[in-house]
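Welcome! Let us take a friendly first walk through the inside of a protein model. Please have a look at it below.

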Amino acid sequence: MQPVQLSLMPDQLPAPPPDLIGQFLARQVDAAMALLARLLRFTRNSGLERLAASAGLLRLLGMETQARLAPPIDREFFSSRLGRTYPAVGPQRARVAFFAGCIAQMTFSALTDATIRVLQANGCEVVVPAEQWCCGALAVHAGFRDVARDLARKNFDVFLAGKFDAIVT
């Protein structure tokens with residue numbers, strides 16, 4: 001059996017399109033954020049956060065204020081409902097897109113669900129595009145304005161392609 005000959009060496013293989021790389025990285029960030037949110041929820045529910053606070057560990061790490069201000073983490077994230085379309089109740093008056101945001105998907109799922117129900121009750125078909133990205137607020141707050149602009153452009157592409165009467169967030 002003879003070894004397989006490649007016509008291109010690995011360093012000569014074409015790179016995947018930049019958008020595919022961006023999508024992959026964004027999904028990895030989404031997965032990492034979800035993992036961190038679940039870890040935070042566990043530390044709160046198990047009492048580890050109280051233990052770390054009483055031992056002075058949170059203050060030592062400079063995380064005392066962040067721990068106190070962080071919102072509760074939902075048991076089920078809204079991200080499990082991305083890609084769904086919710087029909088209007090009664091005659092359809094509008095077709096709207098719902099922009100879920102990344103942090104809100106982990107902390108305000110009940111509010112998001114209630115918003116969708118109100119829109120439905122007011123005659124809106126509500127589309128939650130699966131392709132939506134992070135809004136970029138965290139990137140802006142961290143000083144990564146170029147990343148935030150790139151995320152905004154990607155979201156514009158997703159939401160403008162859908163022929164919606166409005167975008168609700």
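This is a predicted model: local features need pLDDT of at least 70, side-chain atom pairs count only at pLDDT 80 or more; totals for chains, interfaces and linings use all residues.

## The largest core

In soluble globular proteins, nonpolar side chains tend to be buried together. Here the largest nonpolar core has eleven residues: Phe78, Tyr86, Ala94, Val96, Phe98, Ala100, Ile116, Leu119, Cys124, Val126 and Val128.

The biggest share comes from β2, which gives three residues.

## A second core

There is also a separate core of ten residues. Among its members are Met33, Ala34, Ala37 and Trp133.

## Strand β2 and its partners

Now back to β2, a mostly covered strand: of its five residues, four are buried. The strand β3 runs parallel to β2, and four bridges join the two. Strand β4, residues 166-168, is likewise parallel to β2 and is joined to β2 by three bridges.

Val96 has Val126 as its bridge partner in β3, while Ala97 stands opposite Ile167 in β4.

## A closer look at Val96

Which residues does Val96 contact, leaving aside its neighbours within four places in sequence? They are Leu119, Cys124, Glu125, Val126, Val127, Phe164, Ala166 and Val168.

Definitions and conventions. Residues are numbered from 1 along each chain as its sequence is written. Side-chain values use heavy atoms; hydrogens and water are left out. A nonpolar core is a set of buried Ala, Val, Leu, Ile, Met, Phe, Trp, Tyr and Cys residues joined through side-chain atoms within 4.5 Å. Buried means under 20% relative accessible area, exposed over 50%, partly exposed in between (1.4 Å probe, protein chains only). Contact means heavy atoms within 4.5 Å. Two strands pair if DSSP finds at least two bridges between them.
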